[in-house]
Amino acid sequence: ANANKVIIPSGHTLDASSGLTTPSGHIIQVLTQEITAITTTNSTSDVATGFTLTITPKSTSSKIKVTAGMNGLQVNAVQSAIAFHLYKNGSFHKYLHAVIGYADPVQYNSDATLMYIDSPSTTSAVTYAIYWKRGYGSGTCYFNNYTTSNNTTRSWFTVEEIAQ
């Protein structure tokens, strides 16, 4: 009856040093961030969205799942669109989406969930950030753009360490 029981002495932590292993596919840690303010850019070069999270993986074999929910996306000019990019440790890492908030022939708000699985192969801190720009066309790009009032829409950013 006690074969499956693990007894940890008082004052000790249950972690890899005490023999614990996390089964493959299980989430080890989660970090998240939210922005509710209407946010804009008209830049044609990458600029920070304000979403930045730093995670320190527990294992070199872990995967990092990066997910962003960008809501209330709009460009206020026809035949224009927003592009989103993932940055890792301050440098461009991956394209996430190139044609969001596209307006033709009318403007409309859209929402998007962006996701990428990374294999950082490190136990050192890794910083992930979402950058954006006007991918093409003219006008101003928005997220959390519901014009009735500010702070009524929520965009979010999450990084998760997944055991392998």
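**Ground rules.** I worked on a predicted model, where local features need pLDDT of at least 70, side-chain atom pairs count only at pLDDT 80 or more, and totals for chains, interfaces and linings use all residues. Residues are numbered from 1 along each chain as its sequence is written, and side-chain values use heavy atoms, without hydrogens and water.

**Whole chain.** I counted ten strands and zero helices. Both are DSSP runs numbered from the N terminus: strands are E, at least two residues, and helices are H or I, at least four. I looked up burial next: 37% of the 164 residues count as buried, meaning under 20% relative accessible area with a 1.4 Å probe, protein chains only. I then took contacts (heavy atoms within 4.5 Å). Of those between residues at least 6 apart in sequence, 80% join residues at least 24 apart.

**Ser62.** I found Ser62 in the loop between strand 3 (47-55) and strand 4 (63-75). Ser62 is buried, at 2% relative accessible area. Leaving out residues up to four places away in sequence, I list its contacts as Ile28, Asp118, Ser119, Pro120, Glu161, Ile162, Ala163 and Gln164. With Glu161 there is a side-chain to side-chain polar contact at 2.6 Å. That term means a pair of N or O atoms within 3.5 Å; within protein, one must be able to donate a hydrogen and the other to accept it, and residues adjacent in sequence count only if both atoms are side-chain atoms.

I checked strand 5 (residues 81-88) against strand 6 (residues 91-100): they run antiparallel, joined by six bridges. Pairing requires at least two DSSP bridges. Lys88 has Ser91 of strand 6 as its bridge partner. Two residues lie between the strands, and Asn89 takes a positive phi near 50 degrees.

How values were computed
Buried means under 20% relative accessible area, exposed over 50%, partly exposed in between (1.4 Å probe, protein chains only).
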